[in-house]
Amino acid sequence: MIGPRLPLLFLDVDGPLIPFGASPQQLPGGYPTYGPGRRQPRGAGSNPLISRIDPAHGPRLSALPCALVWATTWMSDANDCVAPWLGLPELPVVSWPEPSDEDGAGRVHWKTRVLVDWAAGRPFAWVDDEITDADRTFVAAHHPGRALLHHVDARRGLVEADFATLGQWLRTGVPARGDH
Ligand SMILES: [Mg+2]
């Protein structure tokens with residue numbers, strides 16, 4: 001039963017759900033794709049990378065005790081294309097300000113302030129391939145609730161260990177060893 005006060009889970013698409021960037025040495029066969037021979041993801045014609053999303057992630061995400069929120073440049077396409085492919089309902093979508101030239105290497109990510117504002121003190125996990133320690137420092141200083149900034153390796157996307165870490169933190173509020 002999803003209650004209104006469960007922690008939020010801000011979910012990025014490119015990287016966590018759509019892996020990219022592995023070298024041919026790391027992934028000799030290339031990325032697996034899903035869809036051909038089964039149902040075809042909606043929007044796969046215009047967004048062929050959707051077929052890289054493992055639809056089994058949908059039930060894994062649904063099983064987490066949290067309120068899912070899209071935190072991605074896919075914006076409304078996340079609900080139009082990605083959510084149906086994963087079997088997820090329409091989810092809230094974080095909207096972003098215009099990019100500013102404040103952002104850069106070693107700086108706080110352009111999403112971070114927006115997510116802290118959006119959460120408004122409510123506990124949140126954030127799953128993204130671009131999280132750095134600068135973001136952890138910023139959130140620790142500006143967000144009064146608990147938070148887990150969970151970095152995912154874009155080359156492999158979400159794996160079972162990521163879901164275990166998220167589930168542990170969402171259920172207990174305690175990070176798994178080695179995570180922040
Ligand atoms: Mg990303």
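Start with β1 (8-11) and β3 (124-128). In this predicted model, the two strands run parallel and are joined by four bridges.

**Along β3**

Stay on β3 and show its side chains. Which residues point which way? Phe 124, Trp 126 and Asp 128 point one way, while Ala 125 and Val 127 point the other way. In a regular strand, side chains alternate between the two faces of the sheet. Buried or exposed? Five of the five residues of β3 are buried, so the strand is largely enclosed by the rest of the structure.

**Across to β4**

Pick Phe 124 and look across: Ala 147 in β4 stands opposite. Then bring in α4 (133-142). Together, β3, α4 and β4 form a right-handed β-α-β unit.

**The helix pair**

Keep α4 and select α3, residues 112-119. Two packed helices are described by the angle between their axes and the distance between the axes. Here the angle is about 30 degrees and the axes are 10 Å apart. That makes α3 roughly parallel to α4, because angles under 35 degrees count as roughly parallel. The crossing of α3 past α4 is right-handed.

**The magnesium ion**

Center on the magnesium ion. Which protein donors does it have? They are Asp 12 (OD), Asp 14 (O) and Asp 129 (OD), lying 2.1 to 2.2 Å from the ion. Note the atom labels: Asp 14 is listed with O, whereas Asp 12 and Asp 129 are listed with OD. Along the chain the donors follow the spacing D-x1-D-x114-D.

Trace Asp 12 and Asp 129 back to their loops. Asp 12 lies in the loop between β1 and α1 (57-62), and Asp 129 in the loop between β3 and α4. The pair therefore ties together parts that are 117 residues apart in sequence.

Color the two by accessibility. Asp 12 is buried, with a relative accessible area of 5%. Asp 129 is buried as well, at 13%. Both values count as buried because the cut-off is under 20%.

**Zoom out**

Show the whole chain as a cartoon. How many helices and strands are there? The secondary structure comes to five helices and four strands. Read along the sequence, the pattern is β-α-β-α-α-β-α-β-α. Finish with a burial coloring: of the 180 residues of the chain, 44% count as buried.

Conventions: Residues numbered from 1 in each chain as written. Predicted model: local features only at pLDDT ≥ 70, side-chain atom pairs only at ≥ 80, totals over all residues. Heavy atoms only, no water. Donors = N, O, S within 2.8 Å, 3.2 Å for Na, K, Ca; no water. Buried < 20%, exposed > 50% of the residue type's maximum accessible area, 1.4 Å probe, protein only. Pairing = 2+ DSSP bridges. Right-handed = clockwise from strand over helix to strand, strands pointing away. Axes fitted to C-alpha atoms, helices over the stretch in contact; angles between N-to-C directions. Parallel < 35°, antiparallel > 145°, perpendicular 65-115°, else oblique. Left-handed = near helix turned anticlockwise from the far one by under 90°.
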